[in-house]
Amino acid sequence: MNWDIEAGCRSVDPEVFFPDRPHDHALAAKAICRGCPVRPQCLEFALDARLDHGVWGGLTEVERRSLRRSRQRRARREQTAA
Ligand code: SF4
């Protein structure tokens with residue numbers, strides 16, 4: 001399935017998702033993402049592709065980096081415990 005066909009941002013100016021000052025101006029993009037039916041797929045795509053600019057899946061690049069690190073730590077803990 002091409003999840004991007006259902007993207008809530010299809011008709012939105014892409015600049016909304018790539019704000020000049022991401023930390024302060026990502027709120028408009030995040031509000032659109034909140035109602036997007038393919039948010040999980042979008043987020044996983046951005047994480048897998050290591051996209052390091054813009055809001056994807058409702059998260060800024062800083063938030064995605066943090067989520068990726070958190071998942072890596074959890075995976076290491078699970079490996080150690082196994
Ligand atoms: S989650 Fe946000 S960036 Fe991703 S497709 Fe939906 S609206 Fe677009």
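The following is a dialogue about a predicted model of one protein chain.

Visitor: What makes up the secondary structure of the protein chain?

Guide: The protein chain has four helices and zero strands. Read along the sequence, the pattern is α-α-α-α. The C-alpha trace spans about 45 × 30 × 20 Å along its principal axes.

Visitor: How much of the protein chain counts as buried?

Guide: Buried residues make up 29% of the 82 residues, where buried means under 20% relative accessible area. The accessible surface comes to about 5900 Å², and 51% of that surface belongs to carbon and sulfur atoms.

Visitor: What share of the contacts joins residues at least 24 apart?

Guide: The share is 43%, taken among contacts between residues at least 6 apart in sequence.

Visitor: Why is α3 called roughly perpendicular to α4?

Guide: The axes of helix α3 (residues 39-48) and helix α4 (residues 61-81) cross at roughly 80°. Angles of 65 to 115 degrees count as roughly perpendicular, so α3 is roughly perpendicular to α4. The two axes come within 11 Å.

Visitor: Which residues of α3 and α4 meet?

Guide: On the α3 side they are Leu-43, Glu-44, Ala-46 and Leu-47. On the α4 side they are Arg-64, Leu-67, Arg-68 and Arg-71. The residues of this contact divide into four nonpolar, no polar and four charged.

Visitor: What makes Arg-71 and Glu-44 a salt bridge?

Guide: Their side chains meet at 2.7 Å, N to O. The rule asks for a side-chain nitrogen of Lys or Arg within 4 Å of a carboxyl oxygen of Asp or Glu, so the pair of Arg-71 and Glu-44 qualifies as a salt bridge. Arg-71 is in helix α4 and Glu-44 in helix α3, 27 residues apart, and the pair links these distant parts of the chain.

Visitor: Are Arg-71 and Glu-44 buried, exposed or partly exposed?

Guide: Arg-71 has 32% relative accessibility and counts as partly exposed. Glu-44, with a relative accessible area of 31%, is also partly exposed. Partly exposed covers the range between the 20% limit for buried and the 50% limit for exposed.

Visitor: How many salt bridges are there by this rule?

Guide: The count comes to two. Glu-63 and Lys-30 form one of them, with their side chains meeting at 2.7 Å, N to O.

Visitor: Why does Lys-30 count as buried, and what is Glu-63 called?

Guide: Lys-30 has 18% relative accessibility. Buried means under 20%, so Lys-30 counts as buried. Glu-63 has a relative accessible area of 30% and is partly exposed.

Visitor: How do you know that Ala-46 is buried?

Guide: Its relative accessibility is 0%. The cut-off is under 20%, so Ala-46 counts as buried. Ala-46 is in helix α3. Leaving aside neighbours within four places in sequence, Ala-46 is in contact with Leu-51, Trp-56, Arg-64 and Arg-68. The C-alpha atoms of Ala-46 and Gln-79, 33 residues apart along the chain, are separated by 25 Å.

Visitor: Why is Arg-50 called exposed?

Guide: Arg-50 has a relative accessible area of 52%. Exposed means over 50%, so Arg-50 is exposed.

Visitor: What makes Thr-60 a buried residue?

Guide: Thr-60 has 6% relative accessibility, and buried means under 20%, so Thr-60 counts as buried. Thr-60 is found in the loop between α3 and α4.

Visitor: Where is Val-12, and which residues does Val-12 touch?

Guide: Val-12 is in the segment before α1 (22-25). Not counting residues up to four places away in sequence, Val-12 touches Phe-17 and Ile-32. The C-alpha atoms of Val-12 and Ile-32, 20 residues apart along the chain, are separated by 9.0 Å. At 23% relative accessibility, Val-12 counts as partly exposed.

Definitions and conventions
Residues numbered from 1 in each chain as written. Predicted model: local features only at pLDDT ≥ 70, side-chain atom pairs only at ≥ 80, totals over all residues. Heavy atoms only, no water. Axes fitted to C-alpha atoms, helices over the stretch in contact; angles between N-to-C directions. Helix = DSSP H or I, 4+ residues; strand = E, 2+ residues; numbered from the N terminus. Parallel < 35°, antiparallel > 145°, perpendicular 65-115°, else oblique. Contact = heavy atoms within 4.5 Å. Nonpolar A, V, L, I, M, F, W, Y, C, P; charged D, E, K, R; others polar. Buried < 20%, exposed > 50% of the residue type's maximum accessible area, 1.4 Å probe, protein only. Areas by Shrake-Rupley, 256 points an atom, 1.4 Å probe, with all protein chains shown as cover.
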